[in-house]
Amino acid sequence: METVEGDRPPNHADLVTWYEQVLVPQSRPVLHRYARRLVPGDPHRAEDLVQETLLRAWRNLASVASSRSPQAWLSRVAHNLSIDHARRVTARPAEVAEDVTATAWQPAESLYDAALDWATLEPALRSLSAVHREALVLVYYQDRTHREVARLLGVPPGTVKSRTHNATRELQRALSRYGVTGTAVH
């Protein structure tokens, strides 16, 4: 690649002419191949890397022109830019698609609803008798079978079924006092 040479130091116009007519046409294809190797599988990022490298060369025309090998200067800048980009990408959280963020908002609403539900449900559960509350919690909230609960409490399975049935009815009445209506789900 040609460099700016001559008896006198180059002025800005000489540097601009050299950049436009020599540096960019000669180095762009080589730089683009190098950038594609730096960021394989991402041709758009490679093009961005070439553009940014040439922009840096434009901003530092005198330095590039006076370097022993302008191509080596450009390659080093492209290499450093690719490293900087990789560091930025790993330093920040991964970007997510818009539709994923919309669903990610749902649990927050569900948590809010759950807190409101619990604020209503907790006093209604406290109003149940201890044996009914215990059977209801073990069967419906801890997802145990009637047989497991019967073994745990030391009572027949029919007693557990009766207690959970009566507990759901009592809970339904207690919740209606708090303004919650609907049928009990078994």
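Mentor: Helix 1 passes helix 2 in a right-handed crossing, right-handed meaning that the near helix is turned clockwise from the far one by less than a right angle. Helices here are DSSP runs of H or I, at least four residues long, numbered from the N terminus. This is a predicted model, where local features need pLDDT of at least 70, side-chain atom pairs count only at pLDDT 80 or more, and totals for chains, interfaces and linings use all residues. Residues are numbered from 1 along each chain as its sequence is written, and side-chain values use heavy atoms, with hydrogens and water left out.

Helix 1 brings residues including Val 16, Tyr 19, Leu 23 and Leu 31 to the contact, while helix 2 brings Leu 49, Val 50, Leu 54 and Trp 58, among others; contact means heavy atoms within 4.5 Å. By type, the residues of this contact split into 14 nonpolar, four polar and three charged. Nonpolar covers Ala, Val, Leu, Ile, Met, Phe, Trp, Tyr, Cys and Pro, charged covers Asp, Glu, Lys and Arg, and the others, Gly among them, are polar.

As for the setting, the chain has nine helices and zero strands. Of its 186 residues, 27% are buried, that is, under 20% relative accessible area with a 1.4 Å probe, protein chains only.

Conventions. Helix = DSSP H or I, 4+ residues; strand = E, 2+ residues; numbered from the N terminus. Buried < 20%, exposed > 50% of the residue type's maximum accessible area, 1.4 Å probe, protein only.
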